[in-house]
Amino acid sequence: MDESAPKKMSKLSGTRWLARFETVSVIYDQFEILKIYFGLEAKSCYTAELLSHMFNAKTKLYLAFLLEMLKKICAINKLFQSEQVDNLKLCEDLHDLLYSCLQRIVFPDHLSKVKKSDLGQFNFSRVLMPLSCVYFGFQFNLICNHVESDDLNTIKRDCMNFLIEFCEQIQNRMPDNFEILERGKIFSPELVTNRISQPDITNIVSHFSNLCGDPGETIAQWKLLPMVELPSAPNNNMNSEFFWGAISQIKNADGEMKYKNIVQLVIAFLTVPFSNAAVERVFSIMNVVKNKLRNRMHVNTCDSILRVRYRLMSSKFEPTIAMRKKFISEVVYHSNTEEDMLNVFNEDNEDSE
């Protein structure tokens, strides 16, 4: 028996899928130990007796299936919650997750006829494979021989229902702007800098000409991008944000932005929201800032504090000595407008330069 400290079990939550994975993982890793413990305590505790009956081969088999599925769910969930991901590739990751689950339950010949962009509307309920053909996972197949045939069929049916419901939920949660996000992946650095097979953006430029200006000039700038030499990205991670940020800094002989049209178009794509995680995060910060003791806080004050907490503190911004000296009550609280206060800081910043 493992003599190390027992792992903490996270409480289940109706909205936190990450907690579900951690809980199932801890139970599965300590399954045999918990089985012995509840078996010993069953004589003196009714709850322990009930739990001892639950820790059997059937439960372990179902947990093995859940563990593999929840791991994938949490991985994609973390991607959509993160602020450091390449949002041009998120659509592909979500498609891959849906496709990998459909592969388990749908006849291959029917699934092969479905385009990747049509997976969200694919009615797969008519082409489901029988239970004997469904793949429930590597670990599931390893330990399924320890379960009786009748119980095994019951568990397989439950797992099948889980997979069906999971695929339907992914389809229902496809974002409304999914088509735009799908088009946006054409602006990933790997495709942009491909000198042999650079994608054609004529249709996109024609559709969004109001964003990029002259379509002909935009396409001309696009075709020049494979020849651009950029500095090395941090940790050799050439993501879309770094790539297009570097492109926007390139100037022509007149000192103007050389690739202005195409940069304007791409920035519009990059600013399309791919999840509501950022909004939910701001609400959480606001609940901390404007609490019961500070319920009369002015809207402008709350807005300023949120901006500092959410963005400024996570950046590498370093205020100058002159700015710190001016950050006093006479300046902050006696300025007529926000512009007046900012002008004070800007004046000192110009003097320091």
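**Note on helix packing and aromatic pairs**

1. The axes of helix 13 (residues 215–224) and helix 15 (residues 260–270) cross at roughly 90° and come within 7 Å. That angle makes helix 13 roughly perpendicular to helix 15. Helix 13 contributes Glu217, Thr218, Gln221 and Trp222 to the contact, and helix 15 contributes Lys260, Asn261 and Ile262. Sorted by class, the contact of helix 13 with helix 15 has two nonpolar, three polar and two charged residues. The model is a predicted one, and this applies to every point below.

2. On the overall make-up: the protein chain has 20 helices and zero strands. Of the 353 residues in the protein chain, 34% are buried. Among contacts in the protein chain with a separation of 6 or more, 60% are between residues 24 or more positions apart.

3. Helix 4 (residues 57–81) packs on helix 8 (residues 149–172) at an angle of about 20°, and their axes are 10 Å apart. Angles under 35 degrees count as roughly parallel, and helix 4 and helix 8 are therefore roughly parallel to each other. Their crossing is right-handed. On the helix 4 side the contact involves Lys58, Leu61, Tyr62, Phe65, Leu66, Met69 and Ile73. On the helix 8 side it involves Asp151, Leu152, Ile155, Asp158, Cys159, Phe162, Leu163 and Phe166. The residues of the contact of helix 4 with helix 8 comprise 12 nonpolar, no polar and three charged.

4. Helix 8 also packs against helix 5 (residues 90–105), here at an angle of about 150° and with the axes 10 Å apart. The cut-off for roughly antiparallel is over 145 degrees, and helix 5 and helix 8 are therefore roughly antiparallel to each other. Helix 5 passes helix 8 in a left-handed crossing. Leu94, Leu97, Leu98, Cys101, Leu102, Arg104 and Ile105 of helix 5 meet Met160, Leu163, Ile164, Phe166, Cys167, Ile170 and Gln171 of helix 8. By class, the contact of helix 5 with helix 8 has 12 nonpolar, one polar and one charged residues.

5. Next, the aromatic rings. A pair of aromatic rings is described by the distance of the centres and the angle of the planes. The structure holds 11 aromatic pairs. In one of them, the rings of Phe31 and Phe55 have their centres 4.9 Å apart and their planes at 45°, so the pair is tilted. Phe31 lies in helix 2 (residues 31–41) and Phe55 in the loop between helix 3 (46–54) and helix 4, so this pair links distant parts of the chain, 24 residues apart. Is Phe31 buried or exposed? With a relative accessible area of 2%, Phe31 is buried. Phe55, at 11% relative accessibility, counts as buried.

6. Phe55 also pairs with Phe38, and this pair is tilted, at 5.5 Å centre to centre and 35° between the planes. Phe38 in helix 2 and Phe55 in the loop between helix 3 and helix 4 are 17 residues apart, and the pair links distant parts of the chain. Phe38 is buried, with a relative accessible area of 15%.

7. Ring pairs also link Tyr62, Phe65, Phe136, Phe140, Phe162 and Phe166 into a cluster.

8. Glu241 counts as exposed at 63% relative accessibility, whereas Ile247 counts as buried at 0%. The C-alpha atoms of Glu241 and Leu270 are separated by 8.0 Å, although the residues are 29 apart along the chain.

9. Which residues does Ile247 contact, leaving aside its neighbours within four places in sequence? They are Leu225, Val228, Leu230, Tyr259 and Val263. From Ile247 to Leu225, the distance is 8.6 Å, C-alpha to C-alpha, and the two are 22 residues apart in sequence.

Definitions and conventions: Residues numbered from 1 in each chain as written. Predicted model: local features only at pLDDT ≥ 70, side-chain atom pairs only at ≥ 80, totals over all residues. Heavy atoms only, no water. Axes fitted to C-alpha atoms, helices over the stretch in contact; angles between N-to-C directions. Helix = DSSP H or I, 4+ residues; strand = E, 2+ residues; numbered from the N terminus. Parallel < 35°, antiparallel > 145°, perpendicular 65-115°, else oblique. Left-handed = near helix turned anticlockwise from the far one by under 90°. Contact = heavy atoms within 4.5 Å. Nonpolar A, V, L, I, M, F, W, Y, C, P; charged D, E, K, R; others polar. Phe/Tyr/Trp six-rings, centres within 6.5 Å; stacked < 30°, edge-to-face > 60°. Buried < 20%, exposed > 50% of the residue type's maximum accessible area, 1.4 Å probe, protein only.
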